[in-house]
Amino acid sequence: MNSSEIVIAAQNLTKKFNDFVAVDHIDFEVYRGECVGFLGPNGAGKTTTVRMIYCFLPLTEGSLSVAGMDASTQSRDIKKIVGVAPQEDNLDPDFNVIKNLQVYARYFDMPKTEATRRAMDLLRFFQLEEKQTKSIEQLSTGMKRRLIMARALINEPQILLLDEPTTGLDPQGRHIVWDEIRTLKKKGVTIILTTHYMEEAAALCDRVIVIDNGKIIETGSPQNLVKKHAGEEVLEMTFDETTLKMLKEELPDAHFEVYNNQIRIFTNQTHGSFERIARKFPGMPMSIRVANLEDVFLKLTGRKLRE
Amino acid sequence: MTTENREPASSFFPKLTYRVWRVWQRDFDVFTKTIFVNFLPALLEPILYLAAFGVGLGSLITGTIEGTSYIQFIGPGLISIAVMYGAFFECTYASFVRMYFQKTFDAIIATPINLDEVIAGELLWGATRATINGTIVLAIVAAFGLVSSPLALLIPALAFLGGLLFASIGMCFTALASNIDFFNFPSFLYITPMFLLSGTFFQLTIMPEAIQTTAFILLPLTHLVGLTRALTLGKMDPLIGLSPEVLTALSIVWMLAAALTFFFLSIFLMRRKLVK
């Protein structure tokens, strides 16, 4: 799955907007065929990083190479092999569905017959074939997201950048997009996605990069990060002083977190220790579940609201 | 895949390739989609003006202006106004909507087309739109029998130059606009006075010389109207005591220089606005 060929390499990558440092001297690499997720709270610098990769924003400092090309001086060549699905809807409302793809293909100098063939293939792939003559405003949010992804693929990109591809979608729409991302991954497309949904990152990404306040605070595969930061299992129950004290005596090695009248206990001991607790405190409402990436994310970035 | 030359560091002068054409094609495709809506006002407006000002108001004017009837005098004015409005509104309100509300520019610059080319494409489209509108009005003015020189065949070329000038001036305002209401300022404080005071509906020579000079130096429409009238009627109107030959040459040079200056300036200002 992962080859060792580096497709994107950032060194000391920095972006400042006046005095505000949006991306603060970060280093990262993305390998060919990988699906890498950028995770972080709002304003962490995810979108800014993605925008630098497709040369939408110039770098303030550092270097960024995409498919061996320098983002500061070879933006045109980079943009030829990158597909971008931005966060906001920037479909062309002056054209219908298929014309959106045809006009976009023309920006890449694709001949008309090829553009139409490719547009039809993509509409089929994204289940939008019946909507081809509809205007953009007649599409639902989910259809618009899928059309934006179809448009991002019109130039058969080697690298696909998806900025929050499923925000605002219903579960059905989200799963369609996930299936499509998996199919593209199988075809060998290198994918970078940003997301707020941890189950999305866990389901799709080979590796995640957690970013906060413009800095990378952790990176690794979702499974390894869960193991490292949240352990195997989590026990959740209502907070009170005596229970907490007793639990701490029972589980001296576990990690405790108290927040919002809830006790959360994270443990590395596989299976058994929480069941023992459950037997010891019969009738006490508690839930035991498998640790997940959201636990990791909240542990690393805190629970404070960012906006 | 061929690798294009590395881009030089950002300079005042834009980096333009044939891709400007792709942006022009996009705007042209939208135009042809709504061709009926686009053509009808362009056809009706000059007919209304010719009826109201030419036939109506003109009947009250007994004399001639430098030997031409009043309705004949305003014909070139109407052509020039169509050129000015066509280009200016295309590259202010319409470009602003594409840039700000539709995010069309953002979508295009994620492709191999760069921002300089997007703006240049918009400007060339604005000039094209002005040429189309100006030519429609020319046809109507001709249908009213108000064209007396074969030089009028050159008017579309002049309309393109004038269109590029007004498109570029408009785009400078778009680069300065923080919201769409901002365009009320240039529309009412620049375009409307120009509409009235550039030799469109009366000859500037009846105004004090200071106003003639101001119009000559600051109002692009003065030059466009003067040259259009020369092509329609075969002779240049006098202004600030200059000979027709000198006046013609000065107006052409003025328009060329201004069109080039504002073309590059508007791209520079848009780049400064949009590249953060």
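Analyst: Helix 6 (residues 155-176) of chain B and helix 9 (residues 220-233) of chain B come within 10 Å, axis to axis, and cross at roughly 175 degrees. The two helices are therefore roughly antiparallel to each other; angles under 35 degrees count as roughly parallel, over 145 as roughly antiparallel, 65 to 115 as roughly perpendicular and the rest as oblique. Axes are lines fitted to C-alpha atoms, for helices over the stretch in contact, and angles run from 0 to 180 degrees between N-to-C directions.

The model is predicted: local features need pLDDT of at least 70 and side-chain atom pairs count only at pLDDT 80 or more, while totals for chains, interfaces and linings use all residues. Residues are numbered from 1 along each chain as its sequence is written, and chains are lettered from A and ligands numbered from 1 in the order in which they are written. Helices (H or I, at least four residues) and strands (E, at least two) are DSSP runs, numbered from the N terminus.

In this pair, B:Ile155, B:Leu158, B:Gly162, B:Leu165 and B:Phe166 of helix 6 meet B:Pro220, B:Leu224, B:Leu227, B:Thr228 and B:Leu231 of helix 9. Residues are in contact if their C-beta atoms, placed from the backbone, lie within 7 Å. Eight residues of this contact are nonpolar, two are polar and none is charged. Here Ala, Val, Leu, Ile, Met, Phe, Trp, Tyr, Cys and Pro count as nonpolar, Asp, Glu, Lys and Arg as charged, and the others, Gly among them, as polar.

Helix 5 (residues 115-143) of chain B packs with helix 1 (residues 20-33) of chain B at an angle of about 50 degrees, with the axes 7 Å apart. That angle makes helix 1 of chain B oblique to helix 5 of chain B. The crossing is right-handed; a crossing is left-handed if the near helix is turned anticlockwise from the far one by less than a right angle, and right-handed if clockwise. Helix 1 of chain B contributes residues including B:Trp24 and B:Phe28, and helix 5 of chain B contributes residues including B:Leu124 and B:Trp125. By class, this contact has eight nonpolar, one polar and four charged residues.

Helix 5 of chain B also packs with helix 2 (residues 35-56) of chain B, where the axes come within 9 Å and cross at roughly 45 degrees. Helix 2 of chain B is thus oblique to helix 5 of chain B, again in a right-handed crossing. B:Ala42, B:Leu43, B:Pro46 and B:Ile47 of helix 2 touch B:Asn133, B:Ile136, B:Val137, B:Ile140 and B:Val141 of helix 5. Eight of these residues are nonpolar, one is polar and none is charged.

Chain A has an open sheet of four strands in the order 2-1-4-5, with antiparallel pairing. Strand 2 (20-31) and strand 5 of chain A stand at the edges with a single partner strand each, so one side of each is left without a neighbour in the sheet. Strands pair if DSSP finds at least two bridges between them. Strand 1 (residues 6-17) and strand 4 (residues 61-66) of chain A are joined by five bridges. In strand 4 of chain A, A:Ser63 stands opposite A:Gln11, and A:Ser65 is the bridge partner of A:Ala9. A:Ser65 also stands opposite A:Asp70 in strand 5 of chain A. Strands 4 and 5 of chain A form a hairpin with two residues between them, and A:Ala67 in the turn has a positive phi of about 50 degrees. Helix 1 (residues 46-53) of chain A lies across strands 1, 2 and 4 of chain A, at about 120 degrees to strand 1.

Elsewhere in chain A, four bridges join strand 6 (residues 82-85) to strand 7 (residues 159-163), which run parallel. A:Val82 stands opposite A:Ile159 of strand 7. Both faces of strand 6 of chain A are covered: A:Val82 and A:Val84 on one side, and A:Gly83 and A:Ala85 on the other, are all buried. A residue is buried if 20 or more other C-beta atoms lie within 10 Å of its own, exposed if 12 or fewer, and partly exposed in between, with C-beta atoms placed from the backbone.

Chains A and B also meet, with 23 residues from chain A and 24 residues from chain B in the contact. Helix 2 (75-81) and helix 3 (97-107) of chain A each give two or more residues to the side that touches chain B. The largest share of that side, five residues, comes from helix 2 of chain A.

Terms used
Two residues are in contact if their C-beta atoms, placed from the backbone, lie within 7 Å.
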